[in-house]
Amino acid sequence: MSKKIILSGIQATGKLTLGNYLGAIDNWVKMQEEYECYYMIANLHSLTVRNDPETLRNNTLKILAIYIAAGLDPDKNTIFIQSQVKEHAELGWILDCYTYMGELSRMTQFKDKAAKHADNINAGLFTYPALMAADILLYQADLVPVGEDQMQHLEITRDIAERFNNLYGETFVIPEGYVRKASKRIMGLQDPTSKMSKSATNLNDVIFLEDEPEVILKKFKRAVTDSENIIRFDIENKPGVSNLMQIYSAITSKTIEEIEKEFEGSGYGNFKTKVAEAVIQKLEPIQIKYKELLNNPEYLEKIYTKGAENARELASKTLNSVKEKIGIIV
Ligand code: TRP
């Protein structure tokens, strides 16, 4: 039996965070044996907000380096840059024509981003989900690991795929979303009621994967907690402490109960230091590898070139079958 296909990606906007690592990349690493995996860097999606060109180029390579440094094996996975597989843009356009304005205008990410970038509500921001649908459907992905905030985009992908299949016969596999367990949802350190976000304005809210050990320690020391001074899991009433426990749990694989035991009688100061140390220790080898990779652009180029070639095989097959069905000369 052939392996199930996974596709996922991260936008090339901003620096990657501990949330991206624990919530996404670290899970991908665990899936690479069991599934046939396609992991991309969504640099076309990044264009929906304004970027400095040099920064966008660098971020694209940095994400690639993080993928590999975190343990994604380029020989076992297809790791590629979205823009290098032209089929994405092409199928994206075709799917635009099978996606309704009404559906797109219900997307909460569109509404949020439109509010945040009121001076640049461009058409790409609006049709973003159709391009994401193309990313997924080109590879006939069975499973798409995403954060909760992307579930709505996965739903619309399924709707578009079903619509197309109903019109033209079986063409696309209908993908399932695979939302990581709540325990893997990493919240901000200053505002533990919202997701740790690479676009946060308060830098103390976010641990970046590039942060030096002293910076990581300092950010954890400043993390918002509460006045109870007891390490106890309670998301409602103790979101800050609960988030730190989840981070510690994700890093050490200890259960929440084990962590409550371990820190019985301990105050927040000691607990925060222990969490910071665990994070620093986990990130250290990744950071070393990451720096090595960034110093070796020829190697990175080899990886993404091979990845794009690999990806194109399946992507072009799917795109050709779509074109034949709708009457576009191949
Ligand atoms: N929209 C996703 C995000 O912001 C990134 C993304 C683009 C993606 N294409 C994808 C994720 C396809 C999963 C599958 O997180």
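Close-up 1. The model is a predicted one, in which local features need pLDDT of at least 70 and side-chain atom pairs count only at pLDDT 80 or more, whereas totals for chains, interfaces and linings use all residues. Residues are numbered from 1 along each chain as its sequence is written, and side-chain values use heavy atoms, with hydrogens and water left out. For Tyr 128, a polar side-chain atom is placed 2.7 Å from a nitrogen atom of the ligand, and an N or O atom in the side chain of Asp 135 is likewise 2.7 Å from a ligand nitrogen atom. Taken alone, the ligand exposes 370 Å², of which the protein buries 89% (accessible areas come from the Shrake-Rupley method with a 1.4 Å probe, and for residues only the protein chains shown count as cover).

Close-up 2. The ligand takes up the space of the largest pocket, where a pocket is, on a 1 Å grid over the protein atoms alone, an open set of points with protein on both sides within 12 Å along at least five of seven lines, and a molecule sits in it if more than half of its atoms lie within 2 Å of its grid points. Two or more residues of the shell come from each of β1 (5-11), β2 (36-42), α6 (123-137) and β4 (143-146), these elements being DSSP runs numbered from the N terminus (helices H or I, at least four residues; strands E, at least two). In total 14 residues surround the ligand, and the closest are Met 40, Tyr 128, Met 132, Asp 135 and Gln 150, a residue being near a molecule if one of its heavy atoms lies within 4 Å of it. By class, the shell holds eight nonpolar, five polar and one charged residues (Ala, Val, Leu, Ile, Met, Phe, Trp, Tyr, Cys and Pro count as nonpolar, Asp, Glu, Lys and Arg as charged, and the others, Gly among them, as polar).

Close-up 3. Gln 11 belongs to strand β1, and its side chain is joined to that of Tyr 128 by a polar contact of 2.6 Å. With a relative accessibility of 16%, Gln 11 counts as buried, because buried means under 20% relative accessible area, exposed over 50% and partly exposed in between (1.4 Å probe, protein chains only). Asp 135 is placed in helix α6 and is also buried, at 2% relative accessibility. The C-alpha atom of Asp 135 is separated by 8.9 Å from that of Gly 9, although the two residues are 126 apart along the chain.

Close-up 4. Gln 140, in the loop between α6 and β4, has a phi near 50° and is buried, with a relative accessible area of 17%. Asn 229 has a phi near 60° and lies in the loop between α8 and α9 (239-252), where its relative accessible area of 42% makes it partly exposed.

Close-up 5. Leu 16 is found in the loop between β1 and α1 and counts as buried at 7% relative accessibility; from C-alpha to C-alpha, Leu 16 and Ile 63 are 7.3 Å apart in space and 47 residues apart in sequence. Asp 211, in the loop between β5 (176-179) and α8 (213-221), is buried with a relative accessible area of 9%, and its C-alpha atom is 8.9 Å from that of Gln 287, 76 residues away along the chain.

Conventions: A polar contact is a pair of N or O atoms within 3.5 Å; within protein, one must be able to donate a hydrogen and the other to accept it, and residues adjacent in sequence count only if both atoms are side-chain atoms. On a 1 Å grid over the protein atoms alone, a cavity is a set of points where a 1.4 Å probe fits but cannot get out, and a pocket is an open set with protein on both sides within 12 Å along at least five of seven lines; lining residues have an atom within 4 Å of a point.
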